[in-house]
Amino acid sequence: MSTKQIISNTKDYVMNTYGRYPIAMIKGKGSWVWDSEGKKYLDFVTGIAVNNLGHCHPSVTKAIREQSKQLMQPCNLFHIEKQGEFAKMLSENSFADKVFFCNSGTEANEGAIKLARKWGADNGGKYKILHARDSFHGRTMGSLSATSKSYQAGFKPLVPGFKSITYGKIESLEKALQDNKVCAVMLEPIQGENGVVMPPEGYLKKVRALCTKNKVLLILDEVQVGMGRTGKLFAYEHYGIKPDIMTLSKALGGGIPCGAFLTTNKIAKHLGPGMHGTTLGGNPLAMSSAIAVLKTIEDEGLLDGASDLGEYFLEELQILHSKHKKEIKEIRGKGLILGIEFKNNEIAKKVVEKSMEKGLLTILTKGKVMRILPPLNVKKKEIDLAVKIIDKALEEVSGA
Ligand SMILES: Cc1ncc(COP(=O)(O)O)c(C=O)c1O
């Protein structure tokens, strides 16, 4: 189908909820994607932190192929072999004992909110949830109520019982915790949509201590930064803390919709049969793909790889910063979630678009941040190429 026809079908028949580039991707392999005109791009969007193994990794396509021939959806009225197997793997590799599987990030957060509310109801009737003012937890009503105001306009009334705090300011949390109706604090360990915002030194440790002291649950949303993105399987591992509940999605299913919330036995017991559920969550197809992803991360040593490559990438971007001080405000990130904050929105938009023209895909976030999310198995020479393209784009934007 021609690009024109693809775009016109989208315009005519798909709801207009995304600001799309006039490009249609039709093929992917490793760090690369091809559009319907045959143009090749270095893909540092990775489906927005989904394709952590790159496109169409053979271990994932093999798992999906084999499972699709055997059984795709028996439903959760029966035991599902691969669901237990994958839950065991996640629990052996995290703080958690138990897992609930769903289909997306927002749904994982809805489940975490319900679990926290039920725990709170069973612990003296606590129900309020604190969240960061600039956070992103998803588009459904519960998650949206815990998300930045900029996404909420027009959808009120929201779910009651949510209160915002300032991310990174421990006094803001301290003050909010004076309310004894708070049952949970929900945070992203690193804020992705908000422009790759890092927690200040020691912040998450203090958050953990305050939650414990006030008998409040800590929910960490690792939908974007989990599954190896930061160089550890889960971002919380960098900060010497453990959450009470963690949510995952995006890279979890290797491209097949898959989400999860994880917790300890002590907290999990507050949800019993009939209290939460989903038809397709934890189906064998998603589980087979997810198992292949986690096994590959382990077998190919991708956590150390992401850590080393992330450090290298960050250093290269720092060099770029020193060359383009007039345009770049700051470089930040951990592992392979990186952000270049430009001095203003106009420069950022131009650099992202010029990079795309030159064959590098990145995401414009929060108006002035270029968010860079390469696959965990990206090659050093691909990083070098990306830096070269951004450098060239910056030169053109600044008219140098
Ligand atoms: C931290 C975080 N939480 C939740 C979500 C929502 O995930 P989904 O789009 O799968 O509903 C996102 C999506 O970008 C996210 O970055």
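Colleague: How far is the sulfur of Cys-258 from the closest cysteine sulfur?

Modeller: This is a predicted model, where local features need pLDDT of at least 70, side-chain atom pairs count only at pLDDT 80 or more, and totals for chains, interfaces and linings use all residues. Residues are numbered from 1 along each chain as its sequence is written, and side-chain values use heavy atoms, without hydrogens and water. A disulfide needs two cysteine sulfur atoms within 2.5 Å. The closest sulfur to that of Cys-258 is in Cys-102, too far for a bond, at 7.5 Å.

Colleague: How many disulfides does the rule give?

Modeller: The count of disulfides is 0. Cys-75 is in none. Its nearest cysteine sulfur, that of Cys-102, is away by 17 Å.

Colleague: Is Cys-258 buried or exposed?

Modeller: Buried means under 20% relative accessible area, exposed over 50%, partly exposed in between (1.4 Å probe, protein chains only). Cys-258 has a relative accessible area of 2%. So Cys-258 is buried.

Colleague: Which helix holds Ile-64?

Modeller: Ile-64 counts as partly exposed because its relative accessibility is 22%. Its C-alpha atom is separated by 9.9 Å from that of Gly-254, 190 residues apart along the chain. Helices are DSSP runs (H or I, at least four residues), numbered from the N terminus. Ile-64 lies within residues 58-70, helix α3.

Colleague: Where is Glu-315?

Modeller: Glu-315 counts as partly exposed, since its relative accessibility is 47%. The residue range of its helix is 302-323. Glu-315 has its place in helix α11.

Note on methods. Helix = DSSP H or I, 4+ residues; strand = E, 2+ residues; numbered from the N terminus.
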